[in-house]
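Visitor: I would like to learn how to read a protein model. Please take me through it feature by feature.

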Amino acid sequence: MVPDDSLRLAGLRPLGELQDGPDVVTLIGPDEPRFWSVFRDSAEYDDGRPDPLDRWSQRVISAIADAWSGIAVFPFGGPPYAPFQRWALATGRAWTSPIGFLVHQDAGLFVSFRGAIRRPGQAQTGDGVSPCPTCPGQPCKTACPVDAFADGYDVDRCRTDLRSPDGADCITRSCAARRACPVGQGNRLPAQAAFHMKAFL
């Protein structure tokens with residue numbers, strides 16, 4: 001259980017907890033769609049320096065970690081890198097989807113982690129069930145216009161399409177496979193989607 005509402009005030013939310021030795025690790029991600037306006041109004045958003053979202057995340061989550069008497073951990077800045085994917089699976093709130101990406105019980109295929117806070121305590125792990133086995137037709141597997149998930153994830157095929165005129169829909173509205181997931185639909189704003197896709201390229 002998070003100690004206060006500082007995540008909400010920052011446009012963030014807890015996405016799950018896990019126990020790691022004597023510590024509870026709280027995974028933190030965007031509270032979409034509210035998150036985008038918070039980040040867009042930040043100094044980092046338009047200061048012209050590289051990696052604005054990572055720098056914003058480091059500043060904001062580090063401050064919250066200090067207030068919680070914890071330590072902030074981030075999925076960037078390595079190597080070495082913290083095992084966010086393994087941690088997510090251990091929360092009982094995220095699973096591996098049919099296309100290999102993580103799917104979260106609330107955020108669906110748009111789940112993303114801006115950081116985590118480690119502090120002494122007892123985790124409250126989830127006991128959810130993956131939505132994928134009972135998802136009608138599993139549309140994420142067939143939504144990609146260039147079939148980049150036919151055999152694993154063909155990153156080169158995906159990027160080639162995104163750089164072509166045919167990739168405009170995914171650039172402006174985000175990945176078609178992620179959008180096809182019925183969980184969490186409509187939470188990611190087009191401007192935020194375009195920001196992430198530009199960073200991916």
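Guide: Start with Arg159, whose charged end sits over the ring of Phe200, 4.3 Å from the ring centre. The term applies if NZ of Lys or CZ of Arg is within 6 Å of the ring centre and within 35 degrees of the ring normal. This is a predicted model, in which local features need pLDDT of at least 70 and side-chain atom pairs count only at pLDDT 80 or more, while totals for chains, interfaces and linings use all residues. Residues are numbered from 1 along each chain as its sequence is written, and side-chain values use heavy atoms, with hydrogens and water left out.

Visitor: How many aromatic pairs does a search of the whole structure find?

Guide: Rings of Phe, Tyr and Trp (its six-membered ring) pair if their centres lie within 6.5 Å; planes under 30 degrees apart are stacked, over 60 edge-to-face, and the rest tilted. Here the search finds 15 aromatic pairs. One of them is Trp36 with Tyr45, edge-to-face, at 5.8 Å centre to centre and 90° between the planes.

Visitor: Is Trp36 buried or exposed?

Guide: Buried means under 20% relative accessible area, exposed over 50%, and partly exposed in between (1.4 Å probe, protein chains only). Trp36 counts as buried because its relative accessibility is 3%. Tyr45 has 31%, so Tyr45 is partly exposed.

Visitor: What is the order of the strands in the open sheet?

Guide: Strands (E, at least two residues) and helices (H or I, at least four) are DSSP runs, numbered from the N terminus. Two strands pair if DSSP finds at least two bridges between them. The open sheet has four strands in the order S1-S2-S6-S3, paired antiparallel. At its edges are S1 (12–20) and S3 (71–73), each pairing on one side only. Three bridges join S3 to S6 (residues 115–120), and Ala72 stands opposite Ile117 in S6.

Visitor: Which residues have the most contacts inside the largest nonpolar core?

Guide: In soluble globular proteins, nonpolar side chains tend to be buried together. A nonpolar core is a set of buried Ala, Val, Leu, Ile, Met, Phe, Trp, Tyr and Cys residues joined through side-chain atoms within 4.5 Å. The largest has 19 residues, and Ile99, Val103, Leu109 and Phe149 have the most contacts inside it. Helix H5 (155–162) and helix H7 (176–180) each supply at least two of this core's residues. A second, separate core has 16 residues, among them Ala10, Leu12, Val60 and Trp68.
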